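Open your viewer and get ready to click along. This short tour tells you what to select at each stop.

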Amino acid sequence: TIDTIRNAELAALPVRVERWLEARRAALPATAARQVDELLLRLEVLATQLEKVEGSAPVVQDARKLIGEELPRLVDSFTSVPEAYRQRGSEAEAQLHEGLETISAELKRLSEQLARGDLDRLAIEGRFLEIKYRQGTAASGGDEAGSPQTAPAGASGPAGSGGPGQG
């Protein structure tokens with residue numbers, strides 16, 4: 001039920017909604033199949049991302065509301081419309097498509113927001129390594145004991161070093 005979904009732990013929420021949505025797929029128009037597939041993929045990605053998020057993060061409320069309340073409410077609203085008014089090309093079908101598109105875009109935004117933190121950490125780590133090893137080696141002349149030496153591809157090292165092919 002929607003109450004069970006709404007009360008799920010954040011990390012479990014996307015998985016529960018995936019199952020819930022799969023169970024209701026048959027009640028949705030065939031024209032919505034692509035959108036439902038897209039939502040299921042986005043929920044799958046978000047499930048792994050939300051496992052790493054602290055409960056106090058601002059994105060948590062947005063994710064919980066969108067995934068646990070608004071998506072199920074949209075689907076339930078559509079299925080509560082009498083079947084005669086849910087036919088292909090109907091106003092109800094158009095509104096469902098529009099709602100699914102909006103939710104998909106918002107799930108994508110949430111996922112990108114969560115990924116942004118990981119991407120920022122990766123950029124910081126890369127910059128740290130660059131400063132520590134590339135700039136640090138260049139500034140010290142590259143001959144500090146224990147500091148990594150990086151030679152350009154194809155470089156054979158200092159002349160007369162006795163490397164392969166040296167005479």
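**Stop 1: the whole chain**

Keep in mind that this is a predicted model. Colour the protein chain by secondary structure. Read from the N terminus, the order is α-α-α-α-α. The chain has 167 residues, and 30% of them are buried.

**Stop 2: the nonpolar core**

Select L21, L50, I67, L71 and L107. These residues have the most contacts inside the largest nonpolar core, which has 32 residues. Which helices supply at least two residues each to this core? They are α1 (2-6), α2, α3 (33-50), α4 (58-80) and α5 (91-139). The largest share comes from α4, with 8 residues.

Leave out residues up to four places away in sequence. I67 then touches L13, P14, V17, L43, L46, L50, P72 and L107.

**Stop 3: a buried charge**

Go to helix α2, residues 13-24, and select E18. Does E18 lie buried or exposed? E18 is buried, yet it has no salt bridge. The nearest side chain of opposite charge belongs to R19, 7.8 Å away. A salt bridge needs the charged atoms within 4 Å. Next, show the contacts of E18 beyond four places in sequence. They are L40, L43 and E44.

**Stop 4: the largest pocket**

To highlight the lining, select Q49, K52, V53, E54, A57, P58, V59, Q113, L114, G117, D118 and R121. The biggest contribution, 5 residues, is from α5.

**Stop 5: an exposed loop residue**

Move to the loop between α4 and α5 and select R88. Why does R88 count as exposed? Its relative accessible area is 69%, and exposed means over 50%. R88 and P29 are 59 residues apart along the chain, but 7.4 Å separates their C-alpha atoms. Finally, show what R88 contacts beyond four places in sequence: T31 and E93.

Notes:
Residues are numbered from 1 along each chain as its sequence is written. This is a predicted model: local features need pLDDT of at least 70, side-chain atom pairs count only at pLDDT 80 or more; totals for chains, interfaces and linings use all residues. Side-chain values use heavy atoms; hydrogens and water are left out. Helices (H or I, at least four residues) and strands (E, at least two) are DSSP runs, numbered from the N terminus. Buried means under 20% relative accessible area, exposed over 50%, partly exposed in between (1.4 Å probe, protein chains only). Lys and Arg count as positive and Asp and Glu as negative; His and the chain ends are not counted. Contact means heavy atoms within 4.5 Å. A nonpolar core is a set of buried Ala, Val, Leu, Ile, Met, Phe, Trp, Tyr and Cys residues joined through side-chain atoms within 4.5 Å. On a 1 Å grid over the protein atoms alone, a cavity is a set of points where a 1.4 Å probe fits but cannot get out, and a pocket is an open set with protein on both sides within 12 Å along at least five of seven lines; lining residues have an atom within 4 Å of a point.
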